[in-house]
Amino acid sequence: MEPQLAVKGGKPVRTKTFPSWPRSTEGMKEQLIHTLENEAWGIGSSVVEKFEKGFAEFHDSKYAISTNSGTAAIWIALKAAGVKTGDEVIIPAYTFVATASAVLMANAIPVFVDIDVETLNIDPEAIEGAITDKTKVIMPVHIAGNPADIFKIKKIANEHNLKMIEDAAQAHGAEWNGKKVGAFGLGGIFSFQSSKNMTAGEGGVIISNDEEFINICFSYQNAGRVKGGKWYQHEHLGGNFRLSAFPAALLLAQIETLEIDMRIRDKNASFLDKAIEEIEGLSIIHSYPETTRVSHHLYIFRYHKEYFNGVLRKEFIQALNAEGIPVYVGYVPLYREKLFITNTQEYPWLQNRNYSDLFLPVTEKITNEEVIWLKQNCLLGSEEDTMDIVKAIQKVTNHFMNN
Ligand SMILES: Cc1ncc(COP(=O)(O)O)c(C=O)c1O
């Protein structure tokens, strides 16, 4: 007889929790104590410098400037790219709010475009259609750590004399064509906020191969100061967006250990992919052929209710939650957030822009009906933990298919 669903009072597949996140390591503790007792805690700290150098190298780029958040890193990168009031920045509609809010903070206009249903990344063809004479930057997001179509987007950017800045906030260690993401265009940003695969609680970084760009980033990050200039010499409207030495110490330790976690996530994610691909009515997220590594910041798959007697995603998620699997829905189309119901008092440069008219079909469909998320720490368990996810999905899909 078919086992009863936990949501209907049956025995759940799993009662244990998944590995918690963030988690400390001996290496982190050592770096923290060393910094506490021996190093400058802020400006001029050699720990910050070591981290920046180490992260740039680790991410196959020449330069890095750390920041106190990923949001600040985007704002700084846009300002340093020369984005001015009223300029347009093309971004995907399926991303975290900061991708767009940092554009607004730079007095620029976020232009939302639709995504590729197979990869959930910004659709290069939709980018072409969104370019105007006000466009300055294209900012793809490597969503969930799955690289966007970098070569195509870079080609479009070059053809139209635009800058490409990668929002790699979720993509630590992800690779495109054998090279780590982030510095394929003018530069890229990462976040080290608590949920991220590499974290210091908060923090961010900008990487680039362009020295001039990174020096201007330094200025916006550091009160408008000038690299090599005097202490009281301020040439840009910068702020204090500097990273303290303590998060830098935590991050320095993780450059060494990220690979270990990545291998575990890779193994468990490919196990899940294989199992989910076999279930009619669910689909996995694909990568572009040039992708050589996904960082699996989230594990995302798609649910198609027509295979399950019309049972809504909401009920599928409730049933999986009851089985002990903490899946959830994730983002809404970003342009639907109240923030983008244009307030021309607050954003005078958004006059004549009406986001409420926007309807991007792929983003709408996948957010309203299909995508299901699992956080990266659920991929850090044992084979048995991952098997529990598969068993729960099989149990619930079998039930919905047959009832
Ligand atoms: C895609 C994306 N962009 C930007 C950010 C902003 O980073 P932070 O939270 O560090 O400001 C995040 C993460 O939170 C993100 O996921």
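**Burial, pairing and contact in a predicted model**

Colleague: What makes strand β9 (residues 204-208) largely enclosed by the rest of the structure?

Modeller: Five of the five residues of β9 are buried, so the strand is largely enclosed by the rest of the structure; a residue is buried if 20 or more other C-beta atoms lie within 10 Å of its own, exposed if 12 or fewer, and partly exposed in between, with C-beta atoms placed from the backbone. Gly-204, Ile-206 and Ser-208 point one way from β9, Val-205 and Ile-207 point the other way, and all are buried. This is a predicted model, in which local features need pLDDT of at least 70 and side-chain atom pairs count only at pLDDT 80 or more, while totals for chains, interfaces and linings use all residues. Residues are numbered from 1 along each chain as its sequence is written.

Colleague: Why is Ile-325 counted as buried?

Modeller: Ile-325 has 23 C-beta neighbours inside 10 Å, and therefore counts as buried. Ile-325 is found in the loop between α9 (313-322) and α10 (361-370), where helices (H or I, at least four residues) and strands (E, at least two) are DSSP runs numbered from the N terminus. Leaving aside its neighbours within four places in sequence, Ile-325 is in contact with Arg-14, Leu-320, Ile-389 and Ala-392, contact being defined by C-beta atoms, placed from the backbone, that lie within 7 Å.

Colleague: How do you know that β1 (residues 63-67) and β9 pair, and in which sense?

Modeller: Two strands pair if DSSP finds at least two bridges between them, and β1 and β9 pair in the antiparallel sense over five bridges. Four bridges join strand β8 (residues 187-191) to β9, and these strands also run antiparallel. Gly-204 in β9 stands opposite Thr-67 and opposite Ser-191.

Colleague: Which strands stand at the edges of the open sheet, and why are they called edges?

Modeller: The open sheet of three strands has the order β10-β12-β13, with antiparallel pairing. β10 (282-284) and β13 (371-375) stand at the edges because each has a single partner strand, so one side of each is left without a neighbour in the sheet. The twist averages 30 degrees from one strand to the next, with axes taken as lines fitted to C-alpha atoms, for helices over the stretch in contact, and angles running from 0 to 180 degrees between N-to-C directions. Three bridges join β10 to strand β12 (residues 298-303), and Ile-284 stands opposite Phe-301 in β12. Helix α8 lies across β10 and β12, running at about 145 degrees to β10.

Colleague: What makes up the shell around the ligand?

Modeller: The ligand is surrounded by 14 residues, the closest being Gly-70, Thr-71, Ala-98, Ala-169 and Ser-191; a residue is near a molecule if its C-beta atom, placed from the backbone, lies within 6 Å of it. At least two residues of this shell come from each of α3 (70-80) and α4 (97-105).

Colleague: How is the protein divided into domains, and how many residues does each give to the contact?

Modeller: Domain 1 (26-254) and domain 2 (257-402) divide the protein, with bounds that come from an automatic or database domain assignment. The contact takes 40 residues from domain 1 and 37 residues from domain 2. On the side of domain 1 that touches domain 2, α4 gives the most, with four residues.

Technical notes
Two residues are in contact if their C-beta atoms, placed from the backbone, lie within 7 Å.
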